[in-house]
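Student: I would like to learn how to read the metal sites and the helix packing in a model like this one. Could you take me through them in turn?

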Amino acid sequence: MHTEPTLALGDPRLDRDHAELQRLAQQLAQARNRQEVLAALDALARHCAAHFAAEDEDLRLMQGNDDAVCHIDEHAAVLASLAEVKDWVIENDDVAGMANLVQSLCAELERWLPEHVHYMDSAVAAYRSKNRFGGSPVAFAPRPPA
Ligand SMILES: [Fe+2]
Ligand SMILES: [Fe+2]
């Protein structure tokens with residue numbers, strides 16, 4: 001059986017941001033006309049820009065990590081796709097074409113998000129947790145024997 005990676009990392013801020021990103025992508029998928037598509041695209045792009053900027057800040061602090069560079073590039077690629085789709089919608093008066101483009105963007109985001117969270121954002125969550133606990137791993141004292 002194929003199990004999908006989930007969005008939950010145990011970092012409250014990241015988890016909240018990813019749930020919102022997913023909600024905004026679903027809202028875009030349900031947009032029924034040009035006006036709704038543009039509004040949903042703007043809301044999604046704004047949220048992504050803020051969320052990615054916060055992650056990028058941590059990624060730059062995680063120096064010497066090649067994965068961090070790929071991670072930052074992946075964020076930029078998503079923002080570029082959102083901007084391209086918005087430009088296309090503004091420039092073209094083709095309702096069916098717009099619906100197809102939006103559906104493929106949303107399908108791609110739905111596929112991309114859990115994988116990105118699972119394979120890339122998990123490193124940011126680990127880094128944040130390490131910093132929160134003063135750079136040392138959380139240790140639980142073993143229970144004395146009863
Ligand atoms: Fe993220
Ligand atoms: Fe990320």
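Student: Is E55 buried or exposed?

Tutor: E55 has 0% relative accessibility, so it counts as buried, a term that stands for under 20% relative accessible area, with exposed being over 50% and partly exposed in between (1.4 Å probe, protein chains only). Bear in mind that this is a predicted model, in which local features need pLDDT of at least 70 and side-chain atom pairs count only at pLDDT 80 or more, while totals for chains, interfaces and linings use all residues. Residues are numbered from 1 along each chain as its sequence is written, chains are lettered from A and ligands numbered from 1 in the order in which they are written, and side-chain values use heavy atoms, with hydrogens and water left out.

Student: What does E55 coordinate?

Tutor: E55 coordinates both the iron ion (ligand 1) and the iron ion (ligand 2), which are 3.4 Å apart. Donors here are N, O and S atoms within 2.8 Å of the metal (3.2 Å for Na, K and Ca), and water is not among the atoms, so sites may look incomplete.

Student: Which residues coordinate the iron ion (ligand 1), and how should I read the angles?

Tutor: Ideal angles at a metal are 109.5 degrees for four tetrahedral donors, and 90 or 180 degrees for six octahedral ones. The four donor atoms subtend angles of 79 to 165°, which makes the arrangement irregular: four donors are tetrahedral if all angles lie between 85 and 135 degrees, four are square planar and six octahedral if opposite donors are over 155 degrees apart and all others between 65 and 115, and anything else is irregular. H18 and H51 are both buried.

Student: Which protein donors does the iron ion (ligand 2) have?

Tutor: They are E55 (OE), H71 (NE2), H75 (NE2), H116 (NE2) and D121 (OD), lying 2.1 Å from the ion. E55 in helix α2 and H116 in helix α4 are 61 residues apart, and the pair links distant parts of the chain; helices (H or I, at least four residues) and strands (E, at least two) are DSSP runs, numbered from the N terminus. At 3% relative accessibility, H116 counts as buried.

Student: At what angle do helix α1 and helix α4 cross?

Tutor: Two packed helices are described by the angle between their axes and the distance between the axes. The axes of α1 (residues 12-29) and α4 (residues 95-132) come within 10 Å and cross at roughly 175°, where axes are lines fitted to C-alpha atoms, for helices over the stretch in contact, and angles run from 0 to 180 degrees between N-to-C directions.
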